[in-house]
Amino acid sequence: PVPTISWRRADGKQIPRKARRHRSSGLLEIPNFQQEDAGLYECVAENVRGKNVARGQLTFYAQPSWTQRISDVHVAIEERVSWECRASGRPKPSYRWLKDGEPLLPQGRVQLEQGSLTIPNVSLSDAGMYQCVAENRHGVIFASAELSVIGEFP
């Protein structure tokens with residue numbers, strides 16, 4: 001006999017209200033799929049002769065998008081500069097920094113940690129255009145800011 005088909009989440013959570021079940025085809029459709037919809041789903045086919053269960057893991061992926069950007073800074077020599085950029089994404093984005101288009105490495109006075117850049121004692125040579133780059137396997141985004149250093153004048 002033709003089985004009845006039902007859907008459930010194996011993790012015990014409710015199937016999203018926005019989900020549509022197509023009884024005739026056994027299709028489960030989840031429009032506007034979001035992180036909270038991810039999980040292990042089970043399709044159950046059952047009739048008087050028995051029951052069969054198929055499982056499928058739905059995973060949410062997203063390219064990075066900025067939640068905090070960097071902005072231009074004007075400082076005097078020997079002041080401290082601290083920038084922080086943050087991005088959401090799935091998997092979690094990694095960060096790197098550029099200065100005037102070239103990779104910036106943590107060295108000497110320049111401290112880099114994830115989306116943070118700190119120069120505790122700015123010099124004239126630190127002036128330039130900086131970029132924070134956030135990336136995962138689904139995309140790359142850039143945020144730019146200029147560091148202007150005001151020198152001492154007689």
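Author: Buried means under 20% relative accessible area, exposed over 50%, and partly exposed in between (1.4 Å probe, protein chains only). The structure is a predicted model, where local features need pLDDT of at least 70, side-chain atom pairs count only at pLDDT 80 or more, and totals for chains, interfaces and linings use all residues. Residues are numbered from 1 along each chain as its sequence is written, and side-chain values use heavy atoms, with hydrogens and water left out.

Reader: Why does Cys 43 count as buried?

Author: Cys 43 has 17% relative accessibility. The limit is under 20%, so Cys 43 counts as buried.

Reader: What makes Cys 85 and Cys 132 a disulfide?

Author: A disulfide is a pair of cysteine sulfur atoms within 2.5 Å. The sulfur atoms of Cys 85 and Cys 132 are 1.8 Å apart, so the pair qualifies. A search of the whole structure finds 1 disulfide. The angle about the S-S bond is 40°, and the link of Cys 85 and Cys 132 is right-handed.

Reader: Which parts of the chain does the pair link?

Author: Distant ones, 47 residues apart. Cys 85 lies in the loop between S8 and strand S9 (86-90), while Cys 132 lies in strand S14 (residues 128-136). Strands are DSSP runs of E, at least two residues, and helices are runs of H or I, at least four, numbered from the N terminus.

Reader: Are these two cysteines buried or exposed?

Author: Cys 85 has 0% relative accessibility, so it counts as buried. Cys 132 also has 0%, and it counts as buried.

Reader: How do you know that S8 and S13 pair?

Author: Two strands pair if DSSP finds at least two bridges between them. S8 and strand S13 (residues 116-119) have 4 bridges, in the antiparallel sense. That meets the cut-off, so they pair. Ser 82 has Thr 118 as its bridge partner in S13. Glu 84 has Ser 116 there.

Reader: What is the strand order of the open sheet?

Author: The order is S8-S13-S12, 3 strands with antiparallel pairing. Strand S8 (81-84) and strand S12 (111-113) each have a single partner strand, so they stand at the edges, with one side of each left without a neighbour in the sheet. The twist averages 10° from one strand to the next. Angles run from 0 to 180 degrees between N-to-C directions, with axes as lines fitted to C-alpha atoms.

Reader: Which side chains of S8 are buried?

Author: Val 81 and Trp 83 are buried and point to one face.

Reader: What makes the largest nonpolar core a core, and how many residues has it?

Author: It has 22 residues. A nonpolar core is a set of buried Ala, Val, Leu, Ile, Met, Phe, Trp, Tyr and Cys residues joined through side-chain atoms within 4.5 Å. Trp 66, Ile 70, Trp 83, Trp 97 and Leu 147 have the most contacts inside the core. At least two residues come from each of S8, strand S10 (94-99), S13, S14 and strand S15 (139-150). S15 gives the largest share, 5 residues.

Reader: Which class does Asn 32 fall in, and which Asp 100?

Author: Asn 32 has 59% relative accessibility, over 50%, so it counts as exposed. Asn 32 has a positive phi of about 50° although it is not a glycine. Asp 100 likewise has a positive phi of about 50° and is not a glycine. Asn 32 sits in the loop between strand S3 (27-29) and strand S4 (39-47). Asp 100 sits in the loop between S10 and strand S11 (102-103).

Reader: Why does Arg 69 count as exposed?

Author: Its relative accessibility is 57%, over the 50% limit, so Arg 69 counts as exposed. Arg 69 is in the loop between strand S6 (62-68) and strand S7 (73-76). Arg 69 and Arg 86 are 17 residues apart in sequence, and their C-alpha atoms are 6.7 Å apart in space.

Reader: What makes the peptide bond from Arg 90 to Pro 91 cis?

Author: Its omega is near 0°. Pro 91 lies in the loop between S9 and S10.

Reader: How far apart are the centres of domain 1 and domain 2?

Author: The centres, taken over C-alpha atoms, are 44 Å apart. Domain 1 is 4-58 and domain 2 is 63-150. These bounds come from an automatic or database domain assignment.
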